[in-house]
Amino acid sequence: MASSIFQFRSCTVAVIGAGPGGLVAARELRRENHNVVVFELQDQVGGTWVYHPSVDTDPLGSDPSRTIVHSSSLYSSLRTNLPREIMGFRDYPFLSTGLAHRDSRRFPGHREVLLFLNDFTAEFRLTDLIRFETEVVYTGLGEDGKWRVRSRRGNDEEEVEEIFDAVVVCNGHHTQPRIPQIHGIDAWPGKQMHSRSYRIPEPFRDQTVILIGDAASAHDISRDISQVAKEVHVASRSAKHYLFGKQPGYDNMWLHPMIESVHRDGTVTFQDGSRVLADVIIHCTGYEYHFPFLDTDGLVTVDDNRVGPLYKHIFPPALAPWLSFVGLPWMAPLFTVFELQSQWIAGLLSGRIGLPSQEEMMKDVEAFYSSLEASGTPKRYTHKLGDYEFEYIDWVVAACGLPRIEGWIKKMYHATFDNKEVRPETYRDEWEDEDLVLEAQKDLRSDIFHRGLP
């Protein structure tokens, strides 16, 4: 909701993380004349889009003392599962550059996304705002209502404390693996790992591999490994029963219901009673939200992967707008979500936009949680936008007083998933929404022309 009369504020703001969410947050905050410092653990921007061949010392990710490779949860062959037309920002689209060393495909590889984020950083001169190789070790609210942020650079033991009016948490959620409980797993002799530690298929040559999961990573990694593995078995919680069995186009891949139990002799039993003698289990089971640096005195908690209470997935009502989160939602055109969340936060901090009262926000949060419970949605899916992704986007757009999202974006988003259902193996290279592609390119290039961007 926009205020007709307001007193402009310029705040000091700490942004934690320089992935896509942190970068666009920094840009929007500076556009509203806030003073911004971005803390980034790595030596470059990009967050989860920075690929590195090394992996955590514990490939399962369950050892809290493990050495963590913060820069990467990507596998070498990863390509985007959304087309580039809906992966950019509203005023900085992800168009093909046409340069020989760049990936011009509509669904490019991960390196092209990182290069796009570097282009974005350079275009909006964000580098000067970022403190690279700097870890935030503590963020908490002082008695004076200001935020204390303690950080250390590189391997330095010395911590530096600074005071900020507001903190925007953009640390991503692809570091702490989520591992399901499996009956008998402690005695199972095979190797386990999380998809975060998968890079290339070669280590699985001639092995029998089981993947748990039915989202994008399980789909991609199972296809990748099938090139070299003896057998690949995918355990899915949500697949229709008529899809179980050997998969079309493969002579070494099977789809199963979920795992029932595992055994000392190496066998894995699925819920339909079928059994496989396996060498490896790869958990493609997602991640836990993890904020080890954040102290809110219990006002914000993570309970079964629900970060809350949060108004519209962003603001803790008791701390709004001085603490906010960018990038918690999933199953949506995420760069658009990051951008709109950031615009809302920046406008609220400046006083240009108003918030409901704490009581009104809590009522909204409680009503949202009640609706999830009534629909049987597990708590861990609280931040899954899914079927209401554009309802959420339209709401934030209206709260910011911005023009509505272009119609072709919604159509293209849904067309992509429809196409994946029809062409699960080739949807990134074959599609039937060429009319939407042409509309998007005309619209995006027209916007660039009017803005005078290269």
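**Cavities, sheets and a buried alanine**

Q: How many nonpolar, polar and charged residues does the lining of the second largest cavity have?
A: This is a predicted model, in which local features need pLDDT of at least 70, side-chain atom pairs count only at pLDDT 80 or more, and totals for chains, interfaces and linings use all residues. Residues are numbered from 1 along each chain as its sequence is written, and side-chain values use heavy atoms, without hydrogens or water. A cavity is a set of points on a 1 Å grid over the protein atoms alone where a 1.4 Å probe fits but cannot get out, and lining residues have an atom within 4 Å of a point. With Ala, Val, Leu, Ile, Met, Phe, Trp, Tyr, Cys and Pro as nonpolar, Asp, Glu, Lys and Arg as charged and the others, Gly among them, as polar, this lining has seven nonpolar, four polar and no charged residues.

Q: Which residues line the second largest cavity?
A: The lining includes V169, C170, N171, G172 and H173, and V169 is also one of the buried residues of strand 7. The complete list is V169, C170, N171, G172, H173, Y289, F291, F325, V326, G327 and L328.

Q: Which helix gives the most residues to the lining of the largest cavity?
A: By class, this lining has seven nonpolar, two polar and five charged residues. Helix 7 (407–422) and helix 8 (434–451) each supply at least two of its residues; helices (H or I, at least four residues) and strands (E, at least two) are DSSP runs, numbered from the N terminus. With three residues, the greatest contribution comes from helix 8.

Q: Which strands stand at the edges of the five-strand open sheet?
A: This sheet has the order 3-2-1-7-22, with parallel pairing. Each edge strand has a single partner, so one side of each is left without a neighbour in the sheet; these are strand 3 (130–131) and strand 22 (323–325).

Q: In strand 22, what is the bridge partner of V168?
A: Strand 7 runs parallel to strand 1, with four bridges between them, and there V167 is the partner of A14. Strand 7 also runs parallel to strand 22, joined by three bridges. In strand 22, the partner of V168 is S324.

Q: Are the side-pointing residues A166, V167, V168 and V169 of strand 7 buried or exposed?
A: A166 and V168 point one way from the strand, whereas V167 and V169 point the other way. Buried means under 20% relative accessible area, exposed over 50%, and partly exposed in between (1.4 Å probe, protein chains only). All four residues are buried.

Q: Which residue of strand 19 stands opposite G140?
A: Four strands form an open sheet of mixed pairing, in the order 6-5-4-19. Its edge strands, strand 6 (160–164) and strand 19 (294–295), each pair on one side only. Strand 4 (residues 134–141) is joined to strand 19 in the parallel sense over two bridges, and G140 faces D295.

Q: How far apart in space are A346 and R30, C-alpha to C-alpha?
A: A346 lies in helix 4 (residues 334–350) and is buried, with a relative accessible area of 1%. Residues up to four places away in sequence aside, A346 touches (heavy atoms within 4.5 Å) E28, L29, E32 and H34. A346 and R30 are 316 residues apart in sequence, yet their C-alpha separation is 8.3 Å.

Conventions: Pairing = 2+ DSSP bridges. 1 Å grid on protein atoms, 1.4 Å probe; cavity = no way out; pocket = protein on both sides within 12 Å on 5 of 7 lines; lining within 4 Å.
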